[in-house]
Amino acid sequence: DIVCAVNLQHNCMDSKCITVACCPIQQERILTAQTKPVIHHKETPNYLLNTFSIHNYAFIHTALPASL
């Protein structure tokens with residue numbers, strides 16, 4: 001059974017993910033001069049838990065290992 005939802009974020013900093021390219025940003029079907037990075041994410045078992053999910057704290061706390 002699902003008891004709550006949590007927000008996990010991939011940890012690019014510790015995983016050493018790299019920018020492989022930049023692509024133009026499109027606005028209203030027109031390419032702009034602005035670009036955004038294209039990231040090559042590395043496989044990792046490490047994620048960041050969004051601790052601002054305080055409304056689910058009781059459920060999150062019971063699911064996490066005591067070492068955390």
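1. Two strands pair if DSSP finds at least two bridges between them. Helices (H or I, at least four residues) and strands (E, at least two) are DSSP runs, numbered from the N terminus. On those terms, strand 2 and strand 3 form a hairpin with 2 residues between them. Glu 28, in the turn, has a positive phi of about 50 degrees.

2. A note on the basis. This is a predicted model, where local features need pLDDT of at least 70 and side-chain atom pairs pLDDT 80 or more, while totals for chains, interfaces and linings use all residues. Residues are numbered from 1 along each chain as its sequence is written, and side-chain values use heavy atoms, without hydrogens or water.

3. Ile 18 faces His 40 of strand 3 across the pair.

4. Overall fold. There are 2 helices and 4 strands. Their order along the sequence is β-α-β-β-β-α. The radius of gyration is 18 Å, well over the 11 Å that the globule rule gives for 68 residues, so the protein is more spread out than a compact globule. That radius is taken over C-alpha atoms, and the rule is 2.2 Å times the number of residues to the power 0.38. Along the principal axes, the C-alpha atoms fill a box of roughly 50 × 30 × 20 Å.

5. Of the 68 residues, 10% count as buried (under 20% relative accessible area, 1.4 Å probe, protein chains only). Among contacts (heavy atoms within 4.5 Å) with a separation of 6 or more, 45% join residues 24 or more positions apart.

Notes
Buried < 20%, exposed > 50% of the residue type's maximum accessible area, 1.4 Å probe, protein only.
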